[in-house]
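Hello,

Here is the structure we talked about handing over. My notes on it follow below.

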Amino acid sequence: MIRCIALLTTMLLLTVSCSGASDTETAQVATDVATPTEVPFTPTFTSASTLNSSLTPTLVPNIEIINYSGFSKQAIKKWVALAESKMKSRESRIFVFIYPVGKMKTPEKRIRSDYADRVFREHDVLISKDEIKSILGEIERWFEGDPCLDSEDKRQYLSDYKTWLEQGGDTSTMHPACERTRIVAMAITENMREHETIKDFQTFLFHEVYHAFQQDVEMEGECSRKRNEAGENSNSVWMNEGGAHYFATALAAELHGKTNYRSQILEIASLALKRKGDSERMGHDTEPDKWGAAALSLMIELNMITEESILNGSLFHECARELEFDHTSAEIQQVKNSWYLIENNSGIFQFKEEALTK
Ligand SMILES: [Zn+2]
């Protein structure tokens with residue numbers, strides 16, 4: 001349902017996870033009532049060395065959450081902690097804000113902003129002006145002392161968040177404010193409240209925080225050079241998005257005692273392909289999380305990567321997506337030309353034999 005787009009110079013990470021996972025479940029869990037929950041401000045940095053106060057302060061990679069959704073903050077904190085516990089290592093400090101939006105404005109109006117320009121759409125605003133002020137105030141305080149942000153960065157970023165909140169933007173994004181400073185914005189739409197399950201919300205949450213855990217999103221040097229050079233053929237978007245979708249689907253399944261997440265990933269990719277139509281298959285520009293997760297599944301089957309490297313986040317530590325896997329290589333071409341060779345075997349979705357033959 002959502003819109004995953006790629007900016008080539010700045011990675012824009014959005015979830016597309018909210019629709020596909022919910023096809024078979026109908027339980028309702030979220031409510032219309034926005035539940036304000038306070039986020040106590042706590043100092044977020046400590047001195048790198050007590051012996052040398054001239055060193056730049058090192059920020060603790062903590063996670064702050066401000067929640068105006070119908071889900072309890074305690075539950076959200078628990079789920080984020082669960083996702084975090086799966087990571088091999090953690091670097092970024094993360095601020096998550098979650099808020100409800102109402103009906104979409106008609107005709108559709110795209111929101112102008114610096115980051116994610118025209119990606120989100122206007123909706124009725126369900127939180128008060130004071131609540132918006134409170135969210136922005138918390139982020140502003142959280143930004144304080146972060147050495148990678150100058151005052152112009154902070155002004156620009158806060159202006160974007162303000163715009164999204166004041167116009168009821170249906171955000172679902174991780175904004176890499178800096179290499180190790182990540183903002184997650186999640187809007188809970190009417191459709192999510194009325195038709196989606198708690199598992200869908202968990203998948204949405206896991207997807208976004210996984211992006212915040214990806215350590216190489218903003219890696220410069222050869223990583224960004226290769227990404228920019230490859231342009232729309234770059235591996236970055238589909239691997240980043242596919243990794244988040246794979247992780248989120250697997251963890252939500254684990255939480256609900258399910259083991260068939262691989263089948264689910266392939267089923268969702270098949271449905272996405274059907275929506276798009278075979279003719280556009282090779283365009284690879286829409287729903288990169290869905291086909292990307294199927295492509296990563298195939299890479300696991302072909303022993304190109306380990307599943308563990310997705311599930312513990314280490315696949316996204318050193319820019320393997322560009323530096324280890326060249327988009328022009330025969331093996332990546334095979335993956336991109338074979339991920340959709342999927343069959344439904346008595347309800348279990350799996351790769352056809354021809355996809356697995358090297
Ligand atoms: Zn995403």
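**Notes on the model**

Ala295 is in contact with Trp238, Gly242, Val335, Lys336 and Trp339, once its neighbours within four places in sequence are left aside. Ala295 also belongs to the largest nonpolar core, a set of 80 residues, and is one of the members that touch the most others, along with Val184, Phe206, Val209, Phe247, Ala269 and Ala294. Helix α8, residues 236–255, gives the most to this core, with 11 residues. The core draws on both domains: at least three of its residues come from domain 1 (13–213) and at least three from domain 2 (222–356). As a general point, nonpolar side chains in soluble globular proteins tend to be buried together.

Before going further, please keep in mind that this is a predicted model. The mean pLDDT of the chain is 86, and 82% of the residues reach 70 or more. Over residues 1–11 the pLDDT is below 50, and this stretch has 27 contacts in the model beyond near neighbours in sequence. Residues 15–55 also stay under 50 in pLDDT, and the model has 90 contacts for them beyond four places in sequence.

On the chain overall, the secondary structure comes to 14 helices and 10 strands. Of the 358 residues, 43% are buried. Among contacts with a separation of 6 or more, 74% are between residues 24 or more positions apart.

The rest of my notes concern strand β5, residues 93–104. This strand is mostly covered, with 9 of its 12 residues buried. Which strands does β5 pair with in the parallel sense? One is β4 (residues 63–67), over 5 bridges, and another is β8 (residues 181–188), over 8 bridges. On the β8 side, the bridge partner of Ile98 is Met186.

Is Val101 buried or exposed? Val101 counts as buried because there are 26 C-beta neighbours inside 10 Å, against a cut-off of 20 or more. Leaving out residues up to four places away in sequence, Val101 touches His123, Asp124, Val125, Leu126, Gly168, Asp170, Ala187 and Thr189. Val101 and Ile188 are 87 residues apart in sequence, yet their C-alpha atoms are 6.0 Å apart in space.

Regards

Conventions: Residues numbered from 1 in each chain as written. Helix = DSSP H or I, 4+ residues; strand = E, 2+ residues; numbered from the N terminus. Contact = placed C-beta atoms within 7 Å. Core = buried A, V, L, I, M, F, W, Y, C linked by C-beta atoms within 7 Å. Domains from an automatic or database assignment. Pairing = 2+ DSSP bridges. pLDDT = per-residue confidence, 0-100.
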